[in-house]
Amino acid sequence: MLLTKNIYTSTLGLTAIACLANSLFAVAAPAQSAVCASDLNIKRAQAVKSAFQHAWDGYSLHAFGHDELEPVTNGTTDSRNGWGASIFDALDTIIIMQLEEAYTSAIEHVKQVQWETTKDPSKTFETNIRYLGGLLSAYDLRPDPVLLDKAVELAEKVLVPAYATSNQIPSAYVDVKTGKPQASYNLILAEFGSMQLEFVRLSQLTGNNKYADLANEVILRMKNVSTEIPGLYPMSWNARTFSPTDYEETQLEMWRTSVQSMRTLLRSETEEGLVFLGEYTSGYKLLQSGELVCFIPGNLLLGGQYLKDPQISAFAKELMDSCYDVWVKTPTGLAPETWSWIEKGQNATTFPANIQQSMKDIGFVANQKSYDLRPETIESLFYFYRITGDPTYQDKAWTIFQAIEKYCRTASGYSRVGNVMNSDNPEPLNFEESDPNLISLNDYVFNTEAHPFKLSKPIDVQYSSF
């Protein structure tokens with residue numbers, strides 16, 4: 001097995017572990033013995049906390065204040081402006097796990113960060129989900145005024161300037177020293193389409209609607225763009241072609257349209273019954289997907305439960321089952337970065353022998369075979385457990401955690417795995433039983449980086465009888 005050096009404990013490994021830690025191992029549903037389930041979940045929670053503490057200790061010893069630790073070489077990198085991205089990303093998990101010593105050192109670092117000191121332009125998307133998201137989530141969990149003050153300072157100096165373009169579509173990068181956006185001609189959908197959670201929450205906490213107005217206006221402008229598939233927007237955009245429009249359709253209605261298109265045009269099933277989402281380009285459906293897509297089952301289940309739509313929930317479950325199967329069917333129990341498959345009804349004999357054999361052995365074909373410490377499937381399992389109350393989703397998350405521990409753990413953190421299809425030569429809280437109402441899905445929403453934000457008003461989606 002190949003371990004590639006210089007993949008970061010911080011913004012990848014800690015995030016994956018945090019997804020497991022966020023109350024996943026709560027009291028199991030009554031289908032199991034209450035006492036046995038309680039003991040099992042306490043042990044699992046302690047193991048997850050121990051894994052986080054291991055990664056945090058390695059980072060603190062070798063890289064504190066830097067963005068990332070290189071957990072194989074114990075070197076450091078600053079790919080996120082050198083403000084200490086690992087610290088901001090870990091704040092909410094530190095609070096959830098009640099790691100007071102870690103919180104004290106983290107908050108002292110947060111206080112002294114000077115945004116203008118960076119040598120590099122700020123990437124708007126990453127700064128938003130990691131730094132602003134981390135600060136707001138931590139403030140919702142532990143309302144320390146320093147956190148909100150720093151969030152406002154970051155927004156004003158680094159993020160709001162991204163919107164100072166001719167059409168107020170945020171630039172991909174901001175020159176922090178000058179406070180001006182850098183010219184962006186091509187944007188990725190996520191770079192402007194996922195700012196809303198953080199900016200709306202900042203407006204709710206400060207009472208200043210400026211932030212929410214900036215982010216939500218982009219959604220209205222998106223609706224003015226006609227798409228080949230209703231509700232599904234292209235990945236790449238020209239930043240200069242947006243134009244403002246008044247549109248009455250809500251974001252929720254936009255979401256429903258996209259789900260319908262996913263079900264009718266992107267859904268793909270194999271002969272073995274695995275269900276994946278293909279990709280659509282130039283009029284063709286490509287039979288390929290990846291771990292980054294596996295956040296979708298959780299998103300669909302959350303929306304299906306909120307809308308009381310059993311068809312959406314059923315669609316979510318078949319995608320969830322298949323994402324999990326990708327993990328457990330590899331020799332390491334780790335998911336490859338990307339994979340492809342032969343669709344039901346296709347003549348398998350027309351494909352190369354190695355593809356036919358892979359379909360027979362594991363039901364899909366691993367393309368990019370690395371595991372990059374992705375948390376997306378774990379995130380979806382969290383939603384499925386919290387919404388259904390089914391303890392088998394806890395067991396599945398535990399199975400994934402054990403594989404990460406076995407193959408990704410290093411002396412000072414967690415590293416990526418170069419080839420999940422090769423299992424040879426593996427490298428090697430006082431966290432009490434967690435309350436499922438801790439960070440309830442009725443009260444919180446998670447951002448792209450798994451940071452929980454308090455909802456302005458509760459909803460009713462989480463299972464109620466743990």
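Reader: Which residues line the second largest cavity?

Author: This is a predicted model, in which local features need pLDDT of at least 70 and side-chain atom pairs count only at pLDDT 80 or more, while totals for chains, interfaces and linings use all residues. Residues are numbered from 1 along each chain as its sequence is written, and side-chain values use heavy atoms, with hydrogens and water left out. The lining consists of Val 275, Phe 276, Leu 277, Ser 289, Gly 290, Val 293, Cys 294, Ile 296, Pro 297, Leu 319, Cys 323 and Trp 339.

Reader: What makes a space a cavity, and what volume does the second largest cavity have?

Author: On a 1 Å grid over the protein atoms alone, a cavity is a set of points where a 1.4 Å probe fits but cannot get out, and lining residues have an atom within 4 Å of a point. The volume of the second largest cavity is about 70 Å³, a volume being the space filled by probe spheres set on the points, which are joined across faces, edges and corners.

Reader: Which element supplies the largest share of that lining?

Author: Strand S9 does, with three residues. Strand S9 (275–277), strand S12 (288–290), helix H11 (296–307) and helix H12 (310–328) each contribute at least two residues; helices (H or I, at least four residues) and strands (E, at least two) are DSSP runs, numbered from the N terminus.

Reader: Why is the link between Cys 294 and Cys 323 called a disulfide?

Author: The term requires a pair of cysteine sulfur atoms within 2.5 Å. In Cys 294 and Cys 323 the S to S distance is 2.1 Å, so the pair meets the definition. Cys 294 lies in the loop between S12 and H11 and Cys 323 in helix H12, so the bond ties together parts 29 residues apart in sequence. With -90 degrees about the S-S bond, this link is left-handed.

Reader: How do you know whether Ser 380 is buried or exposed?

Author: Buried means under 20% relative accessible area, exposed over 50%, and partly exposed in between (1.4 Å probe, protein chains only). Ser 380 has a relative accessible area of 0%, so Ser 380 is buried. Ser 380 belongs to helix H14 (residues 376–388). Leaving out residues up to four places away in sequence, Ser 380 touches Cys 294, Phe 295, Ile 296, Pro 297, Gly 298 and Met 320, where contact means heavy atoms within 4.5 Å.

Reader: Why is Cys 408 also given a class?

Author: Cys 408 has a relative accessible area of 1%, and is therefore buried.

Conventions. On a 1 Å grid over the protein atoms alone, a cavity is a set of points where a 1.4 Å probe fits but cannot get out, and a pocket is an open set with protein on both sides within 12 Å along at least five of seven lines; lining residues have an atom within 4 Å of a point.
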